[in-house]
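Visitor: Please show me the model, and then take me through its side-chain contacts.

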Amino acid sequence: METMVHVDGGEVWADDTGGEGIPVVLLHPGVADSRIWDPIAPALVDRHRVIRYDARGYGRSPAPTTSYSLAADLRTVLDHFGVRRAVLVGTSMGGGTAVNFALDEPDRVAGLALLVPGITGYPDLESPELTARIGELARAGDMDGLVTLSLSSWGTAGTAPDTEAAELVRAAVPAWFTTYGHQTEDPPAFPRLGELTMPCTLLLGEQDMPRTVRCNEAMAAAIPGCVLVRRPDCDHLPTLRAPEAARELVLDLYARATG
């Protein structure tokens, strides 16, 4: 069931397939909206209740007009659907959201599947040079340049014209700017990863940016009992590059977390 969920000072589009049992909640990256899950969602829906939503400014969710927290919005979505406990599946930005929420409310998280995750509080995760170049292209109004830069940074495992990835990135780029100044960063999570006790699997894409690879290695080492899966065929878009592997990772983690 698709619906608009009222969050603090705004709303987000969300979809809940319904069903019994602990749901799988899918959290998308900053370079795409919730359609990034399309390659693996059908197999998940066949087995479990699945909830996914577009963060503010992405996909079918309006741009924010007030300050907000990604973790707080996740909490509101779960409350809206009456979810007391969930398996969180997050990629990139969504992975960071999942970790922050799990640290805030561990009793509500049965397990974590983290695909090339970001995280707050890790030094040297952002590239000042890349951020500066994005700003230059944005000021020039060069959308094609922004898409090309994004694919050369986060989509190196793709083959030109890499149409699906390019379309997702093109749709997400406006959110980088409409959310700026409104999205507040959640507290530093990296120093607290040792507090996570729920089952966790982390997928690392070996063709991802080197700084992200280093961060993901450090995250997996810091999370107690975390299973690290290295994929040589993946960049920052694992559900597009290796959908079967991503699907099985999520299903295996779900079984481990709820069995």
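Guide: Buried means under 20% relative accessible area, exposed over 50%, and partly exposed in between (1.4 Å probe, protein chains only). This is a predicted model, in which local features need pLDDT of at least 70, side-chain atom pairs count only at pLDDT 80 or more, and totals for chains, interfaces and linings use all residues. Residues are numbered from 1 along each chain as its sequence is written, and side-chain values use heavy atoms, with hydrogens and water left out.

Visitor: How many salt bridges does the count come to?

Guide: A salt bridge here is a side-chain nitrogen of Lys or Arg within 4 Å of a carboxyl oxygen of Asp or Glu. By this rule, the count comes to 20.

Visitor: Is Asp124, a partner of Arg214 in a salt bridge, buried or partly exposed?

Guide: The closest N and O atoms of Arg214 and Asp124 are 3.8 Å apart. Arg214 is in helix H7 (residues 210-222) and Asp124 in the loop between E6 and helix H4 (128-139), 90 residues apart; helices (H or I, at least four residues) and strands (E, at least two) are DSSP runs numbered from the N terminus. Asp124 has a relative accessible area of 47%, so the class is partly exposed.

Visitor: Which residue forms a salt bridge with Asp79?

Guide: The closest N and O atoms of this pair are 2.9 Å apart. Asp79 lies in helix H2 (residues 70-80) and the partner in the loop between helix H3 (93-104) and strand E6 (109-115), so the pair ties together parts that are 29 residues apart in sequence.

Visitor: Why is the pair of Trp154 and Trp176 classed as it is?

Guide: Rings of Phe, Tyr and Trp (its six-membered ring) pair if their centres lie within 6.5 Å; planes under 30 degrees apart count as stacked, over 60 as edge-to-face and the rest as tilted. The centres of Trp154 and Trp176 are 6.1 Å apart and the planes are at 80°, so the pair is edge-to-face.

Visitor: Which residues do ring pairs link into a cluster?

Guide: Trp154 is buried at 16% relative accessibility, and Trp176 is buried at 17%. Trp176 also forms a tilted pair with Phe177, 6.4 Å centre to centre with 55° between the planes. The cluster is Trp154, Trp176 and Phe177.
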